[in-house]
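Reader: I would like to go through a few local features of this model with you, one at a time. Could we begin once the structure is in view?

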Amino acid sequence: MCGNRTKICPIDKDFNEAATTEAFVIKEDGTKMSGSIEPFELPEYKEQQQSRIYLSAATMNLRRQLIALQAKIADPRFDFVLEPDGFIPKADGNITNDINSLLKLWIGEKSLSVFDVSGVPNGILHDIIGILLRVMYDSMFWSRNLKQGGRKRPLLIVMEEAHNYLSSDNNSRASRVVRRIVKEGRKYGISTMIVSQRPSEIDPTILSQCGTTIALRLTNSNDRNIIANAVSDNLSNLVNMLPILKTGECIIVGEAVRMPMRAVITYPDKNNRPDSNDPIVASDEKGKGAWNNALDITDEEFQNIIKAWRLQQINL
């Protein structure tokens, strides 16, 4: 703002620094560090004077916000948002790729796509999931009568660890989008599978739209009550069996089966199984129990721990 703050001052070579709060650092060659779009660089300002913005009558202190923004830009976990390959607008506003290339990559080239959001910072996790789901829902909604639309090519969205972003005590972007999908998506060819270890923490509006429930071993009474609400009163014995089910055993109720049943899930072959087996803590066999093995501590091992953590890679 300029002078009495009633108009916007253009930031250019003739920028009047004395009439505004903008006070850029001057390089040795005399140019101002006002930032740029390409390559992306943040502007740098002169130091504050007496806890005020330079030449400003206001007592605003933006240092904390600027540092927080700069930290996010420097954080590689935000690169997929701030520096998406092929989607960064150029100085003239044009981009190389559009959303259609994303949809083709997500649901066009393969019959199964996996979105791994485990490395997304918690502060933006709900928003990122909500945006992904909104893009898929809206595209399937408006293209429902096209060849790649939802009616001619139905889409199933599986949400793992759903209690992390579909909690009953929040109204996040992800929860709002999923509520809409489960209530309206069926007629447009979009269906969902909610997977969670804590069904009691899932939004009840979302759970109420589930037509079929597959319940594995549950010991918590609150979680069992969620399953009990999905079956009739004369089948309460099935719910009572949930705490004693073996690994791989489940109870199925709902539209997918003619009557509630107890079933055993067939394991996939070893090459395709998820890496979710319990570690062997102790064993009589030599070399098998983790706590039975002698400790072999070296500095390099702990350096690799930090390296894997920083690189967000399991296998180094």
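Author: In this predicted model, A215 stands opposite I251 in strand 4, which is a place to begin.

Reader: How many bridges join strand 3 to strand 4, and how do the two strands run?

Author: Strand 3 covers residues 212-215 and strand 4 covers residues 249-254. The two run antiparallel, and the number of bridges that join them is four.

Reader: How are helix 3 and helix 4 oriented to each other?

Author: The axes of helix 3 (residues 99-108) and helix 4 (residues 122-142) come within 12 Å and cross at roughly 95 degrees. Because angles of 65 to 115 degrees count as roughly perpendicular, helix 3 is, relative to helix 4, roughly perpendicular.

Reader: Which residues make that contact, and how many of them are nonpolar?

Author: Helix 3 contributes I99, L103, W106 and I107, while helix 4 contributes L132, V135, M136, S139 and M140. By class, the contact has no charged residues and one polar residue, and the number of nonpolar residues is eight.

Reader: Where is E161 found, and what is its relative accessible area?

Author: E161 lies in the loop between strand 1 (155-159) and helix 5 (173-184), and its phi is near 50 degrees, a positive value in a residue other than glycine. E161 is partly exposed, with a relative accessible area of 32%.

Terms used. Residues are numbered from 1 along each chain as its sequence is written. This is a predicted model: local features need pLDDT of at least 70, side-chain atom pairs count only at pLDDT 80 or more; totals for chains, interfaces and linings use all residues. Side-chain values use heavy atoms; hydrogens and water are left out. Buried means under 20% relative accessible area, exposed over 50%, partly exposed in between (1.4 Å probe, protein chains only). Axes are lines fitted to C-alpha atoms, for helices over the stretch in contact, and angles run from 0 to 180 degrees between N-to-C directions. Angles under 35 degrees count as roughly parallel, over 145 as roughly antiparallel, 65 to 115 as roughly perpendicular and the rest as oblique. Contact means heavy atoms within 4.5 Å. Ala, Val, Leu, Ile, Met, Phe, Trp, Tyr, Cys and Pro count as nonpolar, Asp, Glu, Lys and Arg as charged, and the others, Gly among them, as polar. Two strands pair if DSSP finds at least two bridges between them.
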